[in-house]
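Subject: Structure for your attention

Dear colleague,

Please find below the structure that I am handing over to you. My findings follow it, and I would be grateful if you would read them with the model open.

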Amino acid sequence: MAMLEVRDLEVNYGAINAIKKISFDVNEGEVIALIGANGAGKTTTLHTITGLLKAKGGSVKFEGKELLKTPPHKIVEMGMAHVPEGRRIFQQLSVYKNLTMGAFIRKDKAGIEETLAKVYEKFPRLEERKKQIAGTLSGGEQQMLAMGRALMSNPKIVVMDEPSMGLSPLFVGEVFKIIEEIKASGTTVLLVEQNAKKALEIADRAYVLETGKIVLSGDAKDLMNDDSVKKAYLGE
Amino acid sequence: MKTLNTMNKTSKNNFITYGIVLAIFIFCAVYIETDMATFLFKGLMVPICVNVILAVSLNLTVGILGELSLGHAGFMCVGAFAGSFFSMMTQETLTSVWIRFPLAFIIGGLSAAFIGLLVGIPVLRLRGDYLAIVTLAFCEIIKNIMNNLYIAKDINGLHFAIGVGAYNEIEFDAASKQVLINGAMGITGTPNDSNYFWGFALIFITLIVILNLVNSRTGRAIMSIRDNRIAAESVGINITKHKLIAFVISAFFAGVAGVLYSHNLSSVIATKFDYNYSILVLVFVVLGGIGSMRGSVIAAIILTALPEFLRDIGNLSDYRMLIYAILLIAMMLINNNDYLHQMTQGVLGKFRLGKKSKKNEQEGVS
């Protein structure tokens, strides 16, 4: 059984049918990429999975438990962390406090310290700047902070929404390197990305979304060589 | 080590707030007890305390939770009537004011908190300005209900009626009839238990509860909802629950302020708790600085006392409201003036020279 099973998921915005019965699986330990153009429904899919949006139909099962009826804070407790789009950090708080907010649902102080040390190890830049007010970080650093904060809840799966959006090429490389590290440490990753080339390079499998439907799926390597994907998303 | 230092910073800030209130209390106590105070000064003490409690509690909703509430006077109204009703019912049985009055506060506060919960459960699940709209309507509804509510007792027990027609139809046992709440005439004959001592005690309790809440885990969760709702949701904070906690506590203390208010006057009428009163409390909060409890205390004191004292100063009494308006504008400008802000920071900095090495982290709350 897959860790995350999405079956016939349907989401509406008012009268508009944004997601039209999509199904996909995420297995434990995998990095799965959802790629597609603007407005394809990638973020909508993620928000429905993490409980920020209500679905019209279908089911989302995480380790066998239905997520669609579960409120967002319970979903985090079940072990799913969300890195929202556009670097939603707490601007007024210091880097350190942002990270401790990530461990809000945890009560084991020693465990939190341990995770914090691990996060600092992954993001040395955050440790250097732990006392700095988060709003004064650069865009790339803010993205690292959002990722670090998600890891603080010690999740089984991290759901990332456009982690490379609006970053310099240098930071884009860094962000994807970190996603690979997260995978190496045993955490599953569900990634939504417009940067199809980079996403396919690090993903195990990928799904291509087009106006609310999955039009292609398969191994990331195969998709990279697929002619239609090349033409539409890789600019070749 | 770092957390310890930030703790010091916030608790230091809190102790300054307590210190200011304590200093004002000692000043007032000495002034009144040595019989130097004018009648006006004594009469103003309880209204000032009421307004300070209202401002601090509204600041929890507006400043910390970041939701606009325009019906704070409505919760105060619920507390005032519930507390007064309780005091009148138990006046003969509970003769000790030290038992009866605190019970009245708790009952008034809990009634307001319960109504706050009823209003909050549906409204706080929504995003946007709905709370402002609903609390505005709620305040008017409560005012009108209280304006038409009749409660009287006789030998057969309590009688309730809404509207004067229904009230006149009730057949009373004339000998033992006692009117408790008399519609638009309000509630008359509440024991005059309020004084500045109770007022300041309640200010302290309000400040201790709210400042500790703000600096707790729950308080951080509430502020994170204000700062970034999606980020708060994504770290697993129960949005509705934390919003409700803040709103209900805010309503509780509005109810407590209502009890203090109603026990200061021989009769309380519902029309006093109107839209204008809610806005007045909001003015205290905005001018004192949104999110700053100390600011709310100071603004409530100045803006309550000033119009009354200006009345006393011979020639100025004609220009009383003019001066009040100028003061409002001046406070607004001073609050938002970067240059003045830097200057005060500089002056304060000189006092802290020795402690410069300590790491000061901005909490956003004083």
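Helices and strands are named here as runs assigned by DSSP, a helix having at least four residues and a strand at least two, and they are numbered from the N terminus. Please bear in mind that this is a predicted model.

Rolling a probe the size of a water molecule over the atoms shows where empty space is left. In the whole structure, the search finds three cavities of 30 Å³ or more.

The second largest cavity holds about 40 Å³ of space. Which helices of chain B each supply at least two residues of its lining? They are α1 (2–33), α2 (39–65), α7 (196–214) and α12 (293–312). The residues that line this cavity are B:Val21, B:Ile24, B:Ile48, B:Val52, B:Phe200, B:Ile203, B:Val297 and B:Ile301. Sorted by class, they give eight nonpolar residues, with no polar and no charged ones.

The largest cavity contains about 60 Å³ of space. Its lining draws on both chains: from chain A come A:Thr50, A:Leu52, A:Pro72, A:Ile75, A:Val76, A:Met80 and A:His82, and from chain B come B:Glu233 and B:Ser234. At least two lining residues each are supplied by α2 (72–77) and β6 (80–83) of chain A and by α9 (229–234) of chain B. Which element gives the largest share of this lining? It is α2(A), with three residues. By class, the lining of the largest cavity has five nonpolar, three polar and one charged residue.

I turn next to the interface of the two chains. Here 22 residues of chain A are in contact with 23 residues of chain B. About 2200 Å² of area is buried between chain A and chain B, and carbon and sulfur atoms give 63% of it. How many salt bridges does the rule find across this interface? The number is zero, while three residue pairs are found in polar contact, both residues being at pLDDT 80 or more. On the side of chain A that touches chain B, α2 and α3 (95–102) of chain A each supply at least two residues. The largest share of that side, four residues, comes from α3(A). The residues of chain A on this side divide into 10 nonpolar, five polar and seven charged.

Finally, the salt bridges. Over all chains, the rule counts 13 of them. One of them joins A:Lys42 to A:Glu162, with the closest N and O atoms 3.9 Å apart. A:Lys42 lies in helix α1 (residues 42–49) of chain A and A:Glu162 in the loop between β7 (157–161) and α7 (169–184) of chain A, so this pair ties together parts that are 120 residues apart in sequence.

With kind regards

Conventions
Residues are numbered from 1 along each chain as its sequence is written. Chains are lettered from A and ligands numbered from 1 in the order in which they are written. This is a predicted model: local features need pLDDT of at least 70, side-chain atom pairs count only at pLDDT 80 or more; totals for chains, interfaces and linings use all residues. Side-chain values use heavy atoms; hydrogens and water are left out. On a 1 Å grid over the protein atoms alone, a cavity is a set of points where a 1.4 Å probe fits but cannot get out, and a pocket is an open set with protein on both sides within 12 Å along at least five of seven lines; lining residues have an atom within 4 Å of a point. Grid points are joined across faces, edges and corners, and a volume is the space filled by probe spheres set on the points. Ala, Val, Leu, Ile, Met, Phe, Trp, Tyr, Cys and Pro count as nonpolar, Asp, Glu, Lys and Arg as charged, and the others, Gly among them, as polar. Contact means heavy atoms within 4.5 Å. Buried area is the accessible area (1.4 Å probe) that two parts lose on being put together, summed over both. A salt bridge is a side-chain nitrogen of Lys or Arg within 4 Å of a carboxyl oxygen of Asp or Glu. A polar contact is a pair of N or O atoms within 3.5 Å; within protein, one must be able to donate a hydrogen and the other to accept it, and residues adjacent in sequence count only if both atoms are side-chain atoms.
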